[in-house]
Amino acid sequence: MAAPTIARGERARAGAGGRRGSLRGQEDLAGWLFVLPATVLLGAFLVWPTVRSFWLSFTDYRVLAPDDARFIGVANYRDLLGDSNFWQAVRNTAYFAVVVVPVQTAAALGLALLLNQKIPLRSFFRTVFFSPVVLSMVVVAVLWSYFYNPSQGMFNEILENLGLPRQRFLTSDTQAMPAIMVMSVWQGVGFQMVIYLAGLQAIPQYLYEAAAVDGANAWQRFVGITIPQLRRTTFFIVVVSTILALKLFTQVFVMTKGGPFGSTRTIIYMLWEEGLNFRNTGYSSAMAVLFFLLVLAITLIQRRFVPQDED
Amino acid sequence: MATQPIETLEAGTWRRERTAGGARHRRVLAQLPTYLILLLLSLLFLFPWLFMFASSLKPSGRVLADVGSALAFWPTPFRPENYQDVFARVPLERYLLNSFFVTTATLVCGVFVNSLAAYAFAIMRFRGSDILFALFVSLLIVPFEAIFLPLFLTVNALGWLNSYQALIVPFVANVLYIFLFRQFFLGLPRDLVESARIDGASYFRIYRTIVMPLSVPIVSTVAILEFLARWNDFFWPLITITDDDKYTAQLGLAFLFGGERTQWGIVMAGTVVISLPLLVVFLLFQRFFVQSVATTGMKN
Amino acid sequence: MTSRRNRYDFSRRALIQGSAAVGAGVLAGGLPRWSALAQGTPRPTFSNVELSVWVHDGEPAENETNQAIVDAFNAAYQGQIRANLQVISNTGNDYQNQVTSASVAGELPDVLDMDGPFVASYAYGQILRPLGDYFGQEELADFVPAIIEQGTWNGQLWALGAFSGSEGVLVNTELLAAAGITAPTSVDQAMDWATFTEAARTLTTDGVLGLDFHMDYGAGEWFTYGFTPLVWSNGGDILSPDATAAEGYMNGPATVEALTAVQQLFNDGIVSPSPSPTAFEEGQAAMQMIGGWVIPNIETTYPDLPWSIMPLPYFKEKVSPSGSWAWGITSGSENPDAAAELIRWFLDPQQGVAPIVEANRLAPSRQSAYPLVPFYNELPYSVYGEQIQKTARARPVTPGYPVVTARFAEAVANISLGGDVQESLDQAAQQVDEDFQRNNGYQPR
């Protein structure tokens, strides 16, 4: 950033050196007061359910007969680790995330660069690219399943008119997941694009001017200035879209029900199916706990690889 | 995209170039390929919308029959009565009002609660703040689908089932929004707060009179995110609300799907009706949303 | 809610008048009347009892009729019982999910509409009260056996429905005539599998499929409902007779044989694994194996389509599927007697069965109701009616049904896409059994 900002170290120094004890106590009290509403609400509606979910994973709780629940130790976990469906779900979820996160991030940056020019109709295009984001995923998935229909769908008609072979899309175990990926990127990319636009506009102009004076070409400026300046934005986008990708559910639920041949079964889909459809609450809670651990691990790994300039 | 001259990106440069007429023509020519790309991309992003609009204006039986041809994008035979039918089939106006109330209430409370917490994390230094913030951030990974049942039991224990509270209160505090607010506040110039402190302003006064007025972009961002999430939520209202006076628009839409007998023309009309408010919200807020973070908070 | 009801006022009135006229005609003809009143059993008296009732969201005509039936009930029981009907969304698993959540919250209605295969899981979850106290043997004898079977679990009756779905083969008469094929119209003359597939093969031309299974519905209840009768017909099953194990049944030799025969149709391009949803309606499929729910749309949207119906083909034994929504009393109801009174009204041939069947076109579940709905004596509905009365069988009754149907449907989907039949069914059977083991075989508690 161009202007000095409130970096943590400086604040710490100011706090320690510039104030007296009573002020410190006052700030403690005010600080806690300010975070209190959020803390209470998160505690009640996020932490407590999570803890409870952890507890349920060691029981055979069934939602229609809650009083019959018994503690059964790690039986759910043992079953789960031996469940080939679960491992398939883990692989499918990873496949989706590994493809969608980079593709969507790159596409979002591309769109943002296109729109980061002072051109007429800019806000029109911005709205157009963002527009799929406002549609509910259920609606999007229903529409696209008809577009993807192999015998009568729009996409195969287009392919045929272009002289290309028809595809099986959602009825093929190799194409179903990529078809869901394409649709997901289409639906979500506008959002990341907008965040990148904000990030791009925050890059100080003098950096580009100075580089131009030094004779750097467009590509060099892109690699040397734009990319590094967007590091924080990119980190944010990657972390958030990774978490979203790992939670893949609605598309699968509407379009494929995990098929064909289990090729689109994801962890959350399986968790939902076991928990709500089959009412195996304990078993699905065990899945939830393993999912937390998985996401936690991935987030920690990402933090290692992406250099952070704060904290 | 990277081949575009980057000097033309900023408003100042653009104005400078504009003064010379010849340069302007060259610019327009140089932009032609960009426009072509943008137009093609627009088609890609718009075709499901076009399909939706066209389908909402034709008899239900034609919708799926046309999906494989160019007719999919053309409302023929024309049947605008779908829009009347959708309101006759379900009291969508009532459901839209419910959605609007629930969404707005969550939004208003959410902006306050989350920004206040983020302000404390970003601007203030209090004992335990680091640990608490780390804890908050780690909650980002909890998927809703994994905790909905215990959450449902909690909401039930509070006696909130079948009430608006069930749709509002659990979603007010949001870790992602706290994180976003904090990031934004960390980017604000330090002098603003420091000098106000020296003048004896309380932390809450600084929050209210200095920090929040500067935070229009981030409030807009959070507002759009929250509006999308709440408006489009289907699953949670489904399991917590059985009294159809309190149904949200998404639940109302579900009534239009009837398995094999789904009236697609009417469903599409309903979908258009409940999707448009979101587009309007985006159009209203996007100006602030995309507005440069640099030009609001960072100008000294 | 109120606003939605008000919109129906006009048509509702028309319907009440309509069904009253039907009732009067029947009385004049001297047909037996099956209501509780006519049986002479002393009616318990009630005073100002309020009943809450959940019904699944159906077609508009069905919703209106349900409301009309309840209105008629309320009028007949003025000052004694007042039932409040609430329509609950039935998209995907919405209805089941709402029942689950309402049961957790203790907010279930007094009278609950339930999709047949889920009755056992609700009884297992102890949210229902047995109906045996309210319906006597001679009254139950009037119901087709498959409907009693569907509502019976652990030796007790938990739910009774006014109607039942069935499945037949819709045929495009023009295409069949061109190929010189005559479609039988009674169960006696039903085609055996070889004749049927030969006909389908003959009917398959460039651009027209010989047969359609509506596979576009996706892996769900339809696959179980639609394909289990073929398995039964071949002497197989998807669960053991006591409904506790899948191994040896879902993947047993008779099941594998039947589904291998089905797969052959996909392999030969006679049936499409991903058809257009309107293949039959648009004349792109000569025959379609499907339930009666598609007929209203064909009649309104495709009036020019020349179609008829024939009974299900068979391997060894003539079998047809059955089942539909049924009424039960919740265990938390404070007024079970009044609730039973309302259910009896819903199941009364004149007050309940005839009007609702008139609206949803599903087959009456009571023998005595058939004379009241003349269209069930004519094609196409006579085929459904005959099957329901002669060859119908209920899907497996077990609290574990959600798992059974999900896994079997998944296997059917894979088989339609060319998956190995034995392998797909082995996997499904294994997963069902694992779930049953986790739940101690869904033994009653």
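Which side chain of chain A meets R407(C) in a salt bridge, and what is the N to O distance?

Modeller: The partner is E273(A), with 3.5 Å from N to O. A salt bridge here is a side-chain nitrogen of Lys or Arg within 4 Å of a carboxyl oxygen of Asp or Glu. This is a predicted model, in which local features need pLDDT of at least 70 and side-chain atom pairs count only at pLDDT 80 or more, while totals for chains, interfaces and linings use all residues. Residues are numbered from 1 along each chain as its sequence is written, chains are lettered from A and ligands numbered from 1 in the order in which they are written, and side-chain values use heavy atoms, without hydrogens and water.

The interface of chain A and chain C has four salt bridges by this rule. Nine residue pairs, both at pLDDT 80 or more, are in polar contact between these chains; that is a pair of N or O atoms within 3.5 Å, where within protein one must be able to donate a hydrogen and the other to accept it, and residues adjacent in sequence count only if both atoms are side-chain atoms. On the side of chain A that touches chain C, α3 (75–81) and α13 (267–277) each supply at least two residues. Helices are DSSP runs (H or I, at least four residues), numbered from the N terminus. The largest share of that side, five residues, comes from α13(A). By class, the side of chain A has 11 nonpolar, eight polar and nine charged residues. Ala, Val, Leu, Ile, Met, Phe, Trp, Tyr, Cys and Pro count as nonpolar, Asp, Glu, Lys and Arg as charged, and the others, Gly among them, as polar.

Taken as a whole, the interface brings 28 residues of chain A into contact (heavy atoms within 4.5 Å) with 33 residues of chain C. About 2,700 Å² is buried between chain A and chain C, and carbon and sulfur atoms give 48% of that. Buried area is the accessible area (1.4 Å probe) that two parts lose on being put together, summed over both.

Chain A also touches chain B, with 103 residues from chain A and 113 residues from chain B in the contact. The area buried there is about 10,100 Å², of which carbon and sulfur atoms give 72%. The rule finds one salt bridge across this interface. D28(A) and R127(B) form a salt bridge, with their closest N and O atoms 2.9 Å apart.
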